[in-house]
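Subject: Structure for you to look at

Hello,

Here is the structure I said I would pass on. Please open it first, then read my notes below.

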Amino acid sequence: MRLTGRTGGLRAAALAVAALAIASCTSSLFYNRLDTVARWYVGNLVTLDESQQTALREWLGATLAWHRGSELKRYEDFLRDVAGKVATGPDAALYPELVQKVESFMQDLAGRLAPEAAGLLLSLQPAQIDELLANLEERDREELDEERERTDADRLKRRTRSLTRQLERWTGTATTEQKAIIERTVGAMTAAGLLDEDDEWFASQAAWRKELKAALGSGNDSRTQVEALLRDPSRSHSAAHVQAEAAERRQFLDLVIELDATLTDKQRATLSRKLGELADDLRLLGRAP
């Protein structure tokens with residue numbers, strides 16, 4: 001199982017508009033070209049005809065304009081609020097609220113994008129649908145094969161290093177205690193199999209693709225079914241996969257709460273400052289290019 005959830009095809013391309021902004025990819029040049037990046041991504045999954053390319057370009061351009069005008073201010077206000085709260089000291093109740101808020105941002109975006117994405121998918125001809133699904137499967141299989149090639153020791157080292165870097169990105173150099181907490185947590189999760197659900201993940205992706213193909217050929221009810229799959233891809237996941245993902249999220253949330261309790265005054269000030277700087281970046285991005 002990966003450290004971040006993934007979705008399929010066109011929904012993933014469009015979600016990049018918000019996900020990349022929230023993840024602090026706030027270069028104005030990059031953000032202003034997100035619609036172009038998304039078109040490139042989709043174009044590498046399925047060959048569109050001229051009218052479909054026009055529809056995709058107009059949709060993504062309108063989505064980016066909406067996101068700039070509507071959503072960036074919400075993210076900015078959210079980050080300023082968080083910056084103020086983390087500066088005051090450890091708060092175990094804060095982080096579940098933050099996760100819920102970010103998830104609500106993504107749900108809002110998915111709700112905005114699903115109707116147009118469904119319309120584009122429904123415009124595809126059978127050969128295009130086959131091409132799209134085959135390319136999605138190929139990408140998933142390549143990732144699965146790549147992950148399978150790693151040894152347990154490699155995975156443990158890689159994940160520990162990744163989480164340590166993420167902590168240090170926001171707080172500065174991690175303490176010996178913090179590094180030990182991360183290593184212990186990742187080790188426990190690895191031992192429990194929570195970070196090694198690759199086959200389950202691949203099976204769930206395959207189930208999503210199968211349901212999408214069926215939905216696209218389901219007649220008058222196609223749009224409703226396709227939109228539902230785009231809004232919530234996890235509806236296709238197996239019960240085991242859903243349970244493992246929920247357990248993984250709980251473990252990572254517990255890790256963040258534990259690390260928060262160990263932050264030094266300097267680290268806490270750094271975290272608050274960087275969140276404020278990110279809010280400033282989003283404010284600038286909210287202006288017309």
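A residue counts as buried when its relative accessible area is under 20%. By that cut-off, the buried residues of helix α6 are Gln128, Ile129, Leu132, Leu133, Asn135, Leu136, Asp140, Leu144 and Glu147. Over the chain, 42% of the 289 residues are buried.

Please keep in mind that this is a predicted model. The average pLDDT of the chain is 84, and 88% of the residues reach at least 70. Residues 1–25 are another matter: their pLDDT stays under 50, although the model gives them 78 contacts beyond four places in sequence. Where pLDDT is low, the predicted coordinates should not be read in detail.

Overall layout

The chain has 12 helices and zero strands. Of the contacts between residues at least 6 apart in sequence, 81% join residues at least 24 apart.

How far apart should the ends of α6 be, at 1.5 Å a residue? The helix has 23 residues and should therefore span 33 Å; its end C-alpha atoms are 33 Å apart, which agrees.

Helix α6 (residues 126–148) meets helix α9 (residues 198–216), with axes that come within 10 Å and cross at roughly 175 degrees. Angles over 145 degrees count as roughly antiparallel, so α6 and α9 are roughly antiparallel to each other. Among the residues that make the contact are Leu133, Leu136, Asp140 and Leu144 of α6, together with Trp201, Phe202, Trp208 and Leu212 of α9. By class, the residues of this contact are nine nonpolar, one polar and 11 charged. Leu133, Leu136, Asp140 and Leu144 are also among the buried residues of α6.

Helix α7 (residues 152–171) packs on α12 at an angle of about 80 degrees, with the axes 7 Å apart. The two helices are therefore roughly perpendicular to each other. The residues of the contact of α7 with α12 divide into four nonpolar, three polar and three charged.

Helices α5 and α11

What is the angle between helix α5 (residues 94–122) and helix α11 (residues 239–262)? They pack at about 130 degrees, and their axes are 10 Å apart. That makes α5 oblique to α11. On the α5 side the meeting residues are Tyr95, Pro96, Val99 and Glu103, and on the α11 side they are Arg249, Leu253, Val256, Ile257 and Asp260. This contact has six nonpolar and three charged residues, and no polar ones.

One pair to find yourself

Find Lys73, which sits in helix α4 (residues 50–86). Is Lys73 buried, partly exposed or exposed? Its relative accessibility is 45%, so Lys73 counts as partly exposed. Then locate Arg283: Lys73 and Arg283 are 210 residues apart in sequence, but their C-alpha atoms are 6.7 Å apart in space.

Regards

Notes. Residues are numbered from 1 along each chain as its sequence is written. This is a predicted model: local features need pLDDT of at least 70, side-chain atom pairs count only at pLDDT 80 or more; totals for chains, interfaces and linings use all residues. Side-chain values use heavy atoms; hydrogens and water are left out. pLDDT is the predictor's confidence in each residue, from 0 to 100. Contact means heavy atoms within 4.5 Å. Axes are lines fitted to C-alpha atoms, for helices over the stretch in contact, and angles run from 0 to 180 degrees between N-to-C directions. Helices (H or I, at least four residues) and strands (E, at least two) are DSSP runs, numbered from the N terminus. Angles under 35 degrees count as roughly parallel, over 145 as roughly antiparallel, 65 to 115 as roughly perpendicular and the rest as oblique. Ala, Val, Leu, Ile, Met, Phe, Trp, Tyr, Cys and Pro count as nonpolar, Asp, Glu, Lys and Arg as charged, and the others, Gly among them, as polar. Buried means under 20% relative accessible area, exposed over 50%, partly exposed in between (1.4 Å probe, protein chains only). The expected span of a helix is 1.5 Å times one less than its number of residues.
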